[in-house]
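Please open the structure in your viewer and keep the selection panel at hand. The stops below go from one selection to the next and say what is found at each.

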Amino acid sequence: MAWISNVLVWGEAQRRNVEIPIGPDIDGAGLTLVPSFVDLACDPGFPGFPQRETPQSLGDAALAGGYSDLVTRPCVDPVPDQPEHLADLRRSLPGGVRVWPTPALTRGQAGQALTEFGLLSQFSIPGVSDGGVVVADSLILRNAMEYAQRFALTLWLRPGDPSLDALGVVHDSPFATVLGLRGNPATNEEIGLSRILSLVRASGASVVVGPLGTRAGVELLRRARAEGLPVTGYVAARSLLLDERIVEGSLPEALGDGGDLARMPYDTRVRLHPPLRAPEDRLALLAGVREKILWVSADHAPRAPEEKELEFERAVPGSTGLESAFAATLTALGGDLAATVHALALGPRALLPEPVTGWTLIDPNAETTVNAALHRSLARNDALDGMRLRGKVIACFPGDRAPRVTESA
Amino acid sequence: MIGKDLLQLRGMSRETIVEILDTAEQMREVGRRKVKKVPPLRGRLVVTLFFENSTRTKTSFELAAKRLSADTLSFNVNTSSTTKGETLMDTARTIYAMQPDAVVVRHGCAGAPHLLARNFPWRVLNAGDGIHEHPSQGLLDMLTMRDQLKSLDGARVAIVGDVQHSRVARSNIWGLTTMGAKVVVAGPGTMCRNELSGLPVERRHTIDDVVKDADVIMLLRIQHERLGRAVLPSPREYAAFYGLDLARLRMARPDVMVMHPGPINRGVEIGADVADSEQSAILAQVTNGIAVRMALLYLLLGSDERRPDEVSHGVD
């Protein structure tokens, strides 16, 4: 047994000592113990992509970033679209990090036939999802929502319009015109989310939508929640800090020089899909997080060097996020730790089928510079690499090795 | 002063543009001599690396290099074979091992020359990257205009056609506005979208609106290969509403210059009789292209303080 001494526990007013199952002792002065984080959109890389991530590297990256639980997308090989696949998937990573797979919503993520929702739901899963793939056919989507009801299964959907979603590699805007890059329009998300919400209204299905990136998307979500629709939205942490201008190497003015994020234009680390959008979209996303209608995901998408050392248009989209999401969120929220913990931990926890009991020890005042070269993830493609942020994760204690917080010291 | 590379005209200073155009005027004299060759780049190696088909730009760069006595090496990379094969960076590493001093690159992706420029110490000349920029074309167009108009300051330039997908238009727009010209554009809504507001141009809806008081009318090639679905109903519809025929040319000033980066689609964006009219500067553009590219190679390589035998390429 060991101790964290003189630490501030989330929700309490006085500093005290907390017992932890494994040493060494930690001096908790200046540190805070907060509920551990849950990622809502993690691309695990395994099985199928050993050059991106391994169970060991993903577990290490999660703990380094303060994450005890990861909701994983089905973008692996083979696509988990049968109960047999779920039995094979690892549910616990080295270090005690738990994995919550969302098996595919359609067979092979092909958008044609539903997977076996009933048999899949016998496993403890947060829902079904086609990951980053937009369910193009509205009839398939309607049927999925109607069929899911019997099993109380949540659908995790990325909103998009089938034809507009295929367009472009950056946000469609005057800025894209200048860079000579084809744009993906904000209307893609607006149309896609409208379509989902119409079907939710008709079917009563419960959905999680994300990652959202547009002002119109936030407004639609706001109205849907006010209306009482069972819809939850999330946003990627990096899109609270960066906007489309990073593709040219420019940061939002609010961040000052942002650290060593000196970028050449067309840096493929910021090749994302959906893309980073306009400055006003970023502000709308921040407002949504502050209002607690949007949770924040790490949106962890590891990519191998050979997938990124390419022309901008040809690079595989995606950025790692587990090891920078906390500091990115805290920085974007101006140091508001309560809002940060709500967005990264308390909100997302409600979407898991079982309780989350882990704790994360953080220093809310430390200045850190994101350095992907030192990340535990196998991948180095963090869009925030080089950025100076506020907040640092000191340690993470997943549920099975959590501190004994509830007993007063 | 010109920098390490020539990647884009956006951000290039007025002084640098003037330096390039003035140097090009001197280079043009070389082409008028009986012996069309001068020695400043003797022993230097210029590689042309083209991932898209090109005849005129590639030939123009190669001729420019040869007139400056540089050695040239030409790589044509079939894009379809690289899609699943060697990456751009691996191709570049191979060529770099041949120790070239400059690489002239054309590529279908915006930013590809930037990738080559930041990863290798060679000098990169962008010969067209996707729909981003084609800076040497912009410069040769500006030289052609300056020849006739004497000054680009205050010149009124109309660009008609697919501005959205045109790297030629972008380079002209940045270069011309830096030099004090005013650029207006016209084209179908799918080719001159609202998003053009990122460029320093004024957008009008009809060709008639822009030709009337223009000093220069620049027509863009309708590139069928670039067009996706429903961008344009048909070439004849384009010709009817945006093509420059003699009737429309008569609405313009009598001394208007008509330019086109080529190759032209006769009867689509330009009437056959207009292409051959005395207002057409299309062939002067070709001649000036060689001079501008000589100037660029000379300024990028000839002013290099390192002597060829001192150049370290970092390849062991």
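**Where the chains meet**

Begin by selecting both chains of this predicted model: 22 residues of chain B are in contact with 20 residues of chain A, two residues being in contact if their C-beta atoms, placed from the backbone, lie within 7 Å. On the side of chain B that touches chain A, the elements giving two or more residues are α4 (88–96), α5 (112–119) and α7 (167–178) of chain B, where helices are DSSP runs of H or I with at least four residues, strands are runs of E with at least two, and both are numbered from the N terminus. For the complex, the predictor gives an ipTM of 0.88 and a pTM of 0.92.

Residues are numbered from 1 along each chain as its sequence is written, and chains are lettered from A and ligands numbered from 1 in the order in which they are written. In this predicted model, local features need pLDDT of at least 70 and side-chain atom pairs count only at pLDDT 80 or more, while totals for chains, interfaces and linings use all residues.

**Within chain B**

Now select 14–133 together with 286–310 of chain B as domain 1, and 135–281 as domain 2, bounds that come from an automatic or database domain assignment. The C-alpha centres of these two domains of chain B lie 26 Å apart, and 20 residues of domain 1 are in contact with 17 residues of domain 2. On the side of domain 1 that touches domain 2, α1 (14–32), β4 (123–129) and α12 (282–302) of chain B each supply at least two residues.

Then colour chain B by pLDDT, the predictor's confidence in each residue from 0 to 100: the average is 91, and 92% of the residues score at least 70. Over residues 306–316 of chain B, however, pLDDT stays under 50, and the model has seven contacts beyond four places in sequence for them.

**Chain A**

Finally, select chain A, whose secondary structure comes to 12 helices and 16 strands. Its C-alpha trace spans about 55 × 50 × 45 Å along the principal axes.
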